[in-house]
Amino acid sequence: MRSAVVLFPGSNRDHDMVKALHSVTGVKPTVVWHQDASLPDVDLIVLPGGFSYGDYLRCGAIAARSPAMLDVARKAKAGVRVLGVCNGFQILTEAGLLPGALMRNAHLRFVCKEVKLEVTNNTTDFTRAYARGEVIRCPVAHHDGNYFADPETLGRLEGEGRVAFRYAEGTNPNGSINDIAGILNEAGNVLGMMPHPENLIEALHGGLDGRGLFESVVQAVAA
Amino acid sequence: MKVRVTITLKAGVLDPQGKAIEGALRGLGFAGIDGARQGKIIDLSLAETNPDKARTAVADMCDKLLANTVIENYDIAILG
């Protein structure tokens, strides 16, 4: 499986993501600079975490208008799988590839800890290696992860099974509406999530719970 | 031409920063505060001299970048 990681000025979780993709897929991903107007043909494009453009204006707002993101939008429309983690999720909402917005955490504090995630939908290209309702461990580290969508959008997300991950009961770290931790686009090929699955990949991390997400994509590509 | 864009959160969107400001003002002893909402102001200097054209151009800037219309409203004022 071929993958690419888009690097923005201020990305800082790109190394972890590259290592995770290399470890699970066996192939080192291509790192693409945000000014590159054309991405290589890959099976998965990843927007990593960090603080692109110092979170100026709004988190992800300026990165979402970069030349590379125009090509990400084109490729997403053509069916290429796109994963955005943390700042990557913020960039995807700002680019209009996912609905809603990520607001300042309700308690106003930066949160850096491990949470429990419920796999709400395990029939997606990103979650098929997990069991439905399975609860996995996953770290979060963000200041703006409070997912918001208007009632109509929220109803569609819930009704169409587009909530991939939810913070398990009592672990919502940011005030996210309906405990939403990760959502899919309508076609199911774009996933955005605040938690960092790339940080539970090796036994040394203290767990392998994040591997399932990347293994799911490998399975989906092979299917 | 100077144009001022004022960006505010839509009604109904939780504003935790506004809440914190409200709490801090109460803590300082200011009475009678029914609410505080935080927004931002962006001042633009444009080569355009026609106010209508400037307004149209800035609205486009707001829709494409300056505001996130999922959660924010914007107001455009021509300062002259």
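Which strands of chain B does helix α2 (residues 51-66) lie across, and at about what angle does it run to β3(B)? I looked this up in the model, which is predicted. Helix α2 of chain B lies across β1, β2 and β3 of chain B. Its direction is at about 155 degrees to that of β3(B).

**Chain B, overall**

I listed the elements next. I found two helices and three strands in chain B. Along the sequence they come as β-α-β-α-β.

I then checked the dimensions. The C-alpha trace spans about 45 × 25 × 15 Å along the principal axes of chain B. I also looked at burial: 11% of the 80 residues of chain B count as buried.

For contacts, I took pairs in chain B at least 6 apart in sequence. Of these contacts, 66% join residues at least 24 apart.

**The sheet of chain B**

What is the order of the strands in the open sheet of chain B? I read it as β2-β1-β3, three strands with antiparallel pairing. β2 (40-45) and β3 (72-78) of chain B are the edge strands. Each has a single partner strand, so one side of each has no neighbour in the sheet.

I followed one pairing in detail. Strand β1 (residues 2-9) of chain B runs antiparallel to β2(B), and six bridges join the two. Which residue of β2(B) is the bridge partner of K2(B)? I found S45(B) in that place.

**Helix α3 of chain A**

I moved to chain A for one helix. How many of the eight residues of helix α3 (residues 87-94) of chain A are buried? Eight of the eight are buried, so the helix is largely enclosed by the rest of the structure. I wrote down the buried residues of α3(A): N87(A), G88(A), F89(A), Q90(A), I91(A), L92(A), T93(A) and E94(A).

What covers these residues? I found helix α2 (67-77) of chain A among the covering elements. The cover also includes the strands β3 (44-47), β4 (81-85), β5 (101-103) and β11 (190-193) of chain A.

Last, I checked the backbone after the helix. G96(A) follows α3(A). The phi of G96(A) is positive, near 80 degrees.

Methods
Residues are numbered from 1 along each chain as its sequence is written. Chains are lettered from A and ligands numbered from 1 in the order in which they are written. This is a predicted model: local features need pLDDT of at least 70, side-chain atom pairs count only at pLDDT 80 or more; totals for chains, interfaces and linings use all residues. Helices (H or I, at least four residues) and strands (E, at least two) are DSSP runs, numbered from the N terminus. A residue is buried if 20 or more other C-beta atoms lie within 10 Å of its own, exposed if 12 or fewer, and partly exposed in between; C-beta atoms are placed from the backbone. Two residues are in contact if their C-beta atoms, placed from the backbone, lie within 7 Å. Two strands pair if DSSP finds at least two bridges between them. Axes are lines fitted to C-alpha atoms, for helices over the stretch in contact, and angles run from 0 to 180 degrees between N-to-C directions.
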